[in-house]
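The following questions and answers concern the structure shown below.

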Amino acid sequence: MSKYKTITEDIETVTNKEVVKQNRVSLVALGLVVAAVLCVAGGWAIEDPNSSLSTFLFTAAVFLFLGGIVKFFMGRECYLFRPTGSHLQKMTVYFDAKESQPLQYCIEEKRFEDLKQLKRQINTGIKLDIMLTGDKKFAAVQLSEYVPYAYEAISPVICYYGEEAKNFSHYLGNGR
């Protein structure tokens, strides 16, 4: 078992409540419920007792309503950086397993220019979990190492603010 919590478990406590989890209302869920209401209204508007269209509309309304409710409760969770009101984007970058110590040094000592020289891999070795705001004013990072069958955190969550976060993003290759 890892001695550090993962970034998603620890992000809210590490930042002194500057980062909060938020549920966003799904527009698809709202659209499905509105479509269900319209189907019910259409079913009531049909006055022909022999028409199967009203039965179809009521049945469709039930399925649309249930789909809307399920989608609503499965809403999208996201993290929000309160000082700027910007949402955090999660990303993962993989590095060669031999780069563990240099990468940890880069992250802890804020030597972001060294990030470009480290060898990257695909889905193996060392994993750098990143949560970065869209405005590049906040970044949270954590290193994890692959131990058979799972990644375990090998560093605490480290947060960068302002210019440090912008530099980190730039040297990581996300400085758009």
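Q: Which residues does Ile107 touch, not counting residues up to four places away in sequence?
A: The model is a predicted one. With residues up to four places away in sequence not counted, the contacts of Ile107 are Leu115, Leu128, Val141, Ile158, Tyr160 and Phe168.

Q: Which members of the largest nonpolar core touch the most other members?
A: The largest nonpolar core holds 20 residues. Those that touch the most other members are Ile107, Leu115, Leu128, Tyr160 and Phe168.

Q: Which element gives the largest share of this core?
A: Two or more residues come from each of strand S3 (86-95), helix H4 (100-109), strand S4 (126-133), strand S5 (138-147), strand S7 (158-161) and helix H5 (163-172). The largest share is four residues, and the element that gives it is S4.

Q: How many residues form the other core, which includes Val19 and Phe81?
A: This core lies apart from the largest one, and its members include Val19, Phe81, Leu88 and Val157. Its number of residues is 11.

Q: Is Leu132 buried or exposed?
A: Leu132 is part of strand S4. A residue counts as buried under 20% relative accessible area. The relative accessible area of Leu132 is 2%, so this residue is buried.

Q: What distance separates the C-alpha atoms of Leu132 and Lys90?
A: Among the residues that Leu132 touches are His87, Leu88, Gln89 and Met91, as well as Phe138, Ala139, Ala165 and Ser169. Lys90 is 42 residues from Leu132 along the chain, yet the separation of their C-alpha atoms is 6.7 Å.

Q: How far apart are the end C-alpha atoms of helix H2?
A: Helix H2 (residues 27-45) has 19 residues.

Q: Within what arc do the buried residues of H2 fall?
A: The buried residues of H2 are Ala29, Ala36, Cys39 and Gly43. They line one face of the helix, because down the axis of H2 they fall within an arc of 80°.

Q: Which residues are exposed on the other side of H2?
A: Helix H3 (53-73) is included in what covers the buried residues of H2. On the other side of H2, the exposed residues are Leu27, Leu30, Val37, Leu38 and Ala45.

Q: Where in the protein is confidence highest?
A: The mean pLDDT of the protein is 84, with 95% of its residues at 70 or more. Confidence is lowest in helix H1 (residues 7-14), at a mean of 71. Confidence is highest, at 92, in H2.

Technical notes. Residues numbered from 1 in each chain as written. Predicted model: local features only at pLDDT ≥ 70, side-chain atom pairs only at ≥ 80, totals over all residues. Heavy atoms only, no water. Core = buried A, V, L, I, M, F, W, Y, C linked by side-chain atoms within 4.5 Å. Buried < 20%, exposed > 50% of the residue type's maximum accessible area, 1.4 Å probe, protein only. Contact = heavy atoms within 4.5 Å. Expected span 1.5 Å × (residues − 1). Arc of directions from axis to C-beta. pLDDT = per-residue confidence, 0-100.
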